[in-house]
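Work through the exercises below with the sequence and the model open. Try each task before reading its solution.

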Amino acid sequence: MNPKVKVRLRILAILTTLIWMIVIFRFSMDTGTSSHELSDLCVRIFNKAVYSFTGKDLTISITPEHYALIELFFRKLAHMSIYFVLSINVMIVLFTFNIKMSLRMFISALFCFLYALSDEFHQMFVDGRGASFTDCLIDTSGALLGIIAALILYCILYTLMTKYQKRKGLIKGAYD
């Protein structure tokens, strides 16, 4: 890759990573009440989707305890999703450096785990929120899924780029 393009990509990837870290931090600043309201909104949207497909209203069809479990599921899914995106951003930054893939994966996982720890620590000081090591592990599992997704995307893009370069005669294949 052209060194100037690599530097630009690195800067852009670092900026998007920092922006996403700020997004996570901002979500962590929400009080317990506003965080619950956001989760409840997601569950209500899900309920509308279920109703439009099945004609069943979850608020009537299931017990309040089961409804609370659905809300808990959405909360934990949100944790996983935001760290999924963070790890992809970190992997893109690391793809701009010439280091082994296993080291990239380790650095990305460690970075996301440490950021999740700091995020949980931050939540100890927010009204109605608290720190949870379980949430940190859920965040990290989302990051690990993001690393796998980044590797799959990398393999696809690498294959496409190599085929394009062979077709243009920029590189020769092993058996040419």
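**Exercise 1: a helix and its buried side**

Task: list the buried residues of α5 and state what they pack against.

Solution. The buried residues of α5 are Arg104, Ser108, Ala109, Cys112, Tyr115, Ala116, Asp119, Glu120, His122 and Gln123. Buried means under 20% relative accessible area, with a 1.4 Å probe and protein chains only. Helices are DSSP runs of H or I with at least four residues, numbered from the N terminus. These buried residues pack against α1 (3-29), α4 (64-95) and α6 (133-167).

The model is predicted: local features need pLDDT of at least 70, side-chain atom pairs count only at pLDDT 80 or more, and totals for chains, interfaces and linings use all residues. Residues are numbered from 1 along each chain as its sequence is written, and side-chain values use heavy atoms, without hydrogens and water.

**Exercise 2: cysteines**

Solution. A disulfide requires two cysteine sulfur atoms within 2.5 Å. Searching the whole structure gives 0 disulfides. Cys112 is buried, at 0% relative accessible area, and Cys136 is buried, also at 0%.

**Exercise 3: Gln123**

Task: which residues is Gln123 in contact with, leaving aside neighbours within four places in sequence?

Solution. Gln123 lies in helix α5 and has a relative accessible area of 3%. Contact means heavy atoms within 4.5 Å. On that basis, Gln123 is in contact with Ser28, Arg129 and Gly130.

Notes:
Buried < 20%, exposed > 50% of the residue type's maximum accessible area, 1.4 Å probe, protein only. Helix = DSSP H or I, 4+ residues; strand = E, 2+ residues; numbered from the N terminus.
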